[in-house]
Amino acid sequence: RGGGDHVEDDDGVYLFSEDQEESAEIEKLREERIKAYNARKSIKPVVVAKSSIVLDVKPLNDATDMEMLGKVIRDISVDGLVWGESNLVTVAYGVRKLQISCVIEDDKVGVDYLEEVIQSHSQFVQSVDVASLNKM
């Protein structure tokens, strides 16, 4: 074997061939793959900001039907609002408040809006307070 530009192995394959066309195609393919990877990497899923809220709803008086109050509140239906558990907590002298949890999407439902809608049921509700608010 002499000092040629390429070496041939036993199978007839050129191991050290300098084929410019193949290396250009490989480089082009590599660049396309890098562009596709970077495009996929740059597309990030949209993160929806949510909050978990516990509301204390105080009834108008001790004669307020608490089951009806709970039903009226749960009937509030807004896109981005999901009601959770609720329970009755004794305040004093037989008066109980409704403690109800919900999860809201921050961009769709505001805490102020939720308080206003609940307080609009003045035949049942004295006041609404935010007991806890946690960002998720």
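**Note on the sheet, core and salt bridges**

1. Asp 79, Glu 105 and Lys 108 are linked in a network of salt bridges, a salt bridge being a side-chain nitrogen of Lys or Arg within 4 Å of a carboxyl oxygen of Asp or Glu. The structure holds 7 salt bridges. The model is a predicted one, in which local features need pLDDT of at least 70 and side-chain atom pairs count only at pLDDT 80 or more, while totals for chains, interfaces and linings use all residues. Residues are numbered from 1 along each chain as its sequence is written, and side-chain values use heavy atoms, with hydrogens and water left out.

2. The strands form an open sheet of 4 with the order β2-β3-β1-β4 and antiparallel pairing, where two strands pair if DSSP finds at least two bridges between them, and where helices (H or I, at least four residues) and strands (E, at least two) are DSSP runs numbered from the N terminus. The edge strands are β2 and β4, each of which pairs on one side only. From one strand to the next the twist averages 20°, with axes taken as lines fitted to C-alpha atoms, for helices over the stretch in contact, and angles running from 0 to 180 degrees between N-to-C directions.

3. Antiparallel strands β1 and β4 are joined by 9 bridges, and Val 57 stands opposite Val 128 in β4. Helix α2 packs on the sheet, touching β1, β2, β3 and β4, and its direction makes about 15° with that of β3; contact here means heavy atoms within 4.5 Å. Helix α3 also lies across β1, β2, β3 and β4, running at about 155° to β4.

4. Strand β2 (residues 81–92) is joined to the antiparallel strand β3 (residues 95–105) by 9 bridges, and the bridge partner of Val 82 in β3 is Val 103. The hairpin of β2 and β3 has 2 residues between the strands, and in this hairpin Tyr 93 takes a positive phi near 50°.

5. The largest nonpolar core has 21 residues, and those with the most contacts inside it are Val 57, Trp 83 and Ile 118; such a core is a set of buried Ala, Val, Leu, Ile, Met, Phe, Trp, Tyr and Cys residues joined through side-chain atoms within 4.5 Å. At least two residues of this core come from each of β1 (50–59), α2 (66–74), β2, β3, α3 (111–119) and β4 (125–135). Beyond its neighbours within four places in sequence, Trp 83 is in contact with several residues, including Leu 55, Ile 73, Ile 100, Leu 114 and Ile 118.

6. Lys 97 forms a salt bridge with Asp 56, the closest N and O atoms being 3.1 Å apart. Because Lys 97 lies in strand β3 and Asp 56 in strand β1, the pair ties together parts that are 41 residues apart in sequence. Both Lys 97 and Asp 56 are buried (under 20% relative accessible area, with exposed meaning over 50% and partly exposed in between, for a 1.4 Å probe and protein chains only).

7. Asp 106 forms a salt bridge with Lys 135, with the closest N and O atoms 3.1 Å apart. Asp 106 lies in the loop between β3 and α3 and Lys 135 in strand β4, so this pair ties together parts that are 29 residues apart in sequence. Asp 106 is partly exposed, with a relative accessible area of 24%, whereas Lys 135, at 60% relative accessibility, counts as exposed.
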